[in-house]
Amino acid sequence: MEKLQKMISEKSVVIFSKNSCCMSHTIKTLFLDFGVNPTICELDEINRGKEIEQALAQLDCSPTVPVVFIVGQLVSGANQVMSLHLNRSLVPMLKRVGALWL
């Protein structure tokens, strides 16, 4: 959990995902298309992926992927990210934290 918190707090945008999840792919593509360079942690490809997934579940991240953190704050999953995007607040948020320079 400590390693997870450290990663989340040190990076401007962190996405926890799985290659097998279509919503994870959608969220990663959204950020990449904006020109954001997120830290992407593929839980189904790393050694301690199950442990990280359990730690995310303890943070009330359900379902556990995709999960997005922006400057250490939990944005949550695909529905919340898409809601921010659709109400035009995601891009200004990313600009404010220095993750996007448009």
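Predicted model: local features only at pLDDT ≥ 70, side-chain atom pairs only at ≥ 80, totals over all residues.

Student: What makes α2 a helix, and what span does α2 reach?

Tutor: Helices are DSSP runs (H or I, at least four residues), strands are E runs of at least two, and both are numbered from the N terminus. Helix α2 covers residues 22-34, which makes 13 residues, so it clears the cut-off for a helix. From first C-alpha to last, α2 reaches 19 Å, close to the 18 Å expected. That expectation is 1.5 Å times one less than the number of residues.

Student: Which residues of α2 are buried?

Tutor: Ser 24, Ile 27, Lys 28, Leu 30, Phe 31 and Phe 34. Their arc is only 155 degrees around the axis, which puts them on the same side of α2. Across from them, Cys 22, His 25 and Asp 33 are exposed. The cover over the buried residues of α2 includes β1 (13-17), β2 (39-42), β3 (67-70), α4 (78-86) and α5 (90-96).

Student: Which residues touch the most other members of the largest nonpolar core, and why is it called a core?

Tutor: Phe 31, Leu 90 and Leu 94 do, among 18 residues. The elements giving two or more residues to this core are β1, α2, β3, α4 and α5. The biggest contribution is from α2, with four residues. There is also a second, separate core of 14 residues, including Leu 4, Leu 43, Leu 56 and Val 65.

Student: Which residues is Leu 90 in contact with?

Tutor: Setting aside neighbours within four places in sequence, Leu 90 is in contact with Leu 30, Phe 31, Phe 34, Ile 70, Val 81, Leu 84 and His 85. Contact means heavy atoms within 4.5 Å.

Student: What makes β1 and β3 a pair?

Tutor: Two strands pair if DSSP finds at least two bridges between them. Four bridges join β1 to β3, which run antiparallel, so these two pass the test. In that pairing, Phe 16 stands opposite Val 67. On its own two faces, β3 is covered: Val 67 and Phe 69 on one side, Val 68 and Ile 70 on the other, all buried.

Student: How many bridges join β3 to β4?

Tutor: Three, and those strands are antiparallel too. Phe 69 stands opposite Leu 74 in β4. The two strands form a hairpin with two residues between them, and Val 71 in the turn has a positive phi of about 40 degrees.

Student: Why is the meeting of Glu 53 and Lys 18 called a salt bridge?

Tutor: The rule asks for a side-chain nitrogen of Lys or Arg within 4 Å of a carboxyl oxygen of Asp or Glu. For Glu 53 and Lys 18 the N to O distance is 3.0 Å, so the name applies. Glu 53 lies in helix α3 (residues 49-58) and Lys 18 in the loop between β1 and α2, so the pair ties together parts 35 residues apart in sequence. Both residues are buried.

Student: How many salt bridges are there in the whole structure?

Tutor: The search finds four. Another one is between Lys 28 and Glu 42, at 2.6 Å, N to O. Here Lys 28 is in helix α2 and Glu 42 in strand β2, so parts 14 residues apart in sequence are tied together. Arg 48 also forms one with Glu 51, at 2.7 Å between the closest N and O atoms.

Student: Why does Arg 48 count as partly exposed?

Tutor: Because its relative accessibility is 46%, which is in between the two cut-offs. Glu 51 is partly exposed as well, at 43%.

Terms used:
Residues numbered from 1 in each chain as written. Heavy atoms only, no water. Buried < 20%, exposed > 50% of the residue type's maximum accessible area, 1.4 Å probe, protein only. Arc of directions from axis to C-beta. Core = buried A, V, L, I, M, F, W, Y, C linked by side-chain atoms within 4.5 Å.
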